[in-house]
Amino acid sequence: MDTGSNQIEIPFDCRHLCWFCGEPAGNTFTFPNSKQALVTCPHPVLTLPGCDECCKLAAKVKKSTIWSVAQQVKSSLIRRYHKDLAIGVNWSEESLAQSEFAGGSFSGFQKSAWFMYQVAQGRVNFQGWPLVVNGVELFDEPEQEVFTFDGISYPCLLDAIRHYCLIFHLDKNFFISTLEIYTRKRFAEAVRFCRLTLADTPKERAVMLKSLKSSLDAESN
């Protein structure tokens, strides 16, 4: 494999953007950037524009393709900005505008909260432009399926599970067990169910889980 770095072809409207998150790019990231990755990476060495934050996050990732690196960067952004993303879960733009924060100690939150959410949402949802080198487009073979829920595209279902467990203080193992019953198509119902059990003991949750399974099995018959 040629170890020289290849500059990708950048669309005119994206020439100043980070390939990972769409924010203004003030840096570059070259991948693969280690002897180990050079052996396993199926595509040429690439240099992409990136913001300082995403470049630092990408440098820590140990994956074999640039697209897998991008997924890990997204996962890191979701964890890092979970409070900003949680604004969109707990509020709507209208409800924030109609809230009674004005003039109080939370008036600053009222003014900036939705903007903070939109910035975080935009970065997580941003999809980098196709990678073209010397007129040839490189294609990805995704390791995992993207999971989209409530306006956010998560790199995988597990990222969504972690996010909702974090913002609602849910028991991760219990939530996964609940989701196995509801399935990913009924993710919202699984979240609501688990939120109702926050004060329950593990034994009580086990009983509720068994009851839920029986109820849904009856529905399908």
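Analyst: Start with pairing: two strands pair if DSSP finds at least two bridges between them. This is a predicted model. Strand 2 (residues 27–31) and strand 3 are joined by five bridges and run antiparallel. N27 stands opposite G50 in strand 3.

User: What makes strand 1 and strand 3 a pair?

Analyst: The cut-off is at least two bridges. Strand 1 (residues 6–7) has two bridges with strand 3, in the parallel sense. For N6, the bridge partner in strand 3 is L46.

User: Why is F20 called buried?

Analyst: Buried means under 20% relative accessible area. F20 has 2% relative accessibility, so F20 counts as buried.

User: Why is F29 called buried?

Analyst: The limit is again under 20%. F29 has a relative accessible area of 5%, so F29 is buried.

User: How do you know that strand 3 is mostly covered?

Analyst: Five of the five residues of strand 3 (residues 46–50) are buried. On one side these are L46, L48 and G50; on the other, T47 and P49. In a regular strand, side chains alternate between the two faces of the sheet.

User: Why is the pair of F20 and F29 called edge-to-face?

Analyst: Ring centres must lie within 6.5 Å, and planes over 60 degrees apart count as edge-to-face. The centres of F20 and F29 are 5.9 Å apart and the planes stand at 65 degrees, so the pair is edge-to-face.

User: What makes W19 and F20 an aromatic pair that is edge-to-face?

Analyst: The limits are within 6.5 Å for the centres and over 60 degrees for the planes. W19 and F20 show 5.3 Å centre to centre and 75 degrees between the planes. Both W19 and F20 are buried. The whole structure holds 13 aromatic pairs. Ring pairs also link F147, F149, Y164, F168, F175 and F187 into a cluster.

User: How do you know that the charged end of R195 sits over the ring of F168?

Analyst: CZ of Arg must be within 6 Å of the ring centre and within 35 degrees of the ring normal. The charged end of R195 is 3.8 Å from the centre of the F168 ring and sits over that ring. The charged end of R205 sits over the ring of F174, 5.7 Å from its centre.

User: Which residues have the most contacts inside the largest nonpolar core?

Analyst: Among them are W19, F20, F175 and F187, in a core of 62 residues. Helix 3 (residues 66–80) gives the largest share, seven residues. Beyond its neighbours within four places in sequence, F175 is in contact with residues including I161, L170 and F187.

Conventions:
Residues are numbered from 1 along each chain as its sequence is written. This is a predicted model: local features need pLDDT of at least 70, side-chain atom pairs count only at pLDDT 80 or more; totals for chains, interfaces and linings use all residues. Side-chain values use heavy atoms; hydrogens and water are left out. A nonpolar core is a set of buried Ala, Val, Leu, Ile, Met, Phe, Trp, Tyr and Cys residues joined through side-chain atoms within 4.5 Å. Buried means under 20% relative accessible area, exposed over 50%, partly exposed in between (1.4 Å probe, protein chains only). Helices (H or I, at least four residues) and strands (E, at least two) are DSSP runs, numbered from the N terminus. Contact means heavy atoms within 4.5 Å. Rings of Phe, Tyr and Trp (its six-membered ring) pair if their centres lie within 6.5 Å; planes under 30 degrees apart count as stacked, over 60 as edge-to-face and the rest as tilted.
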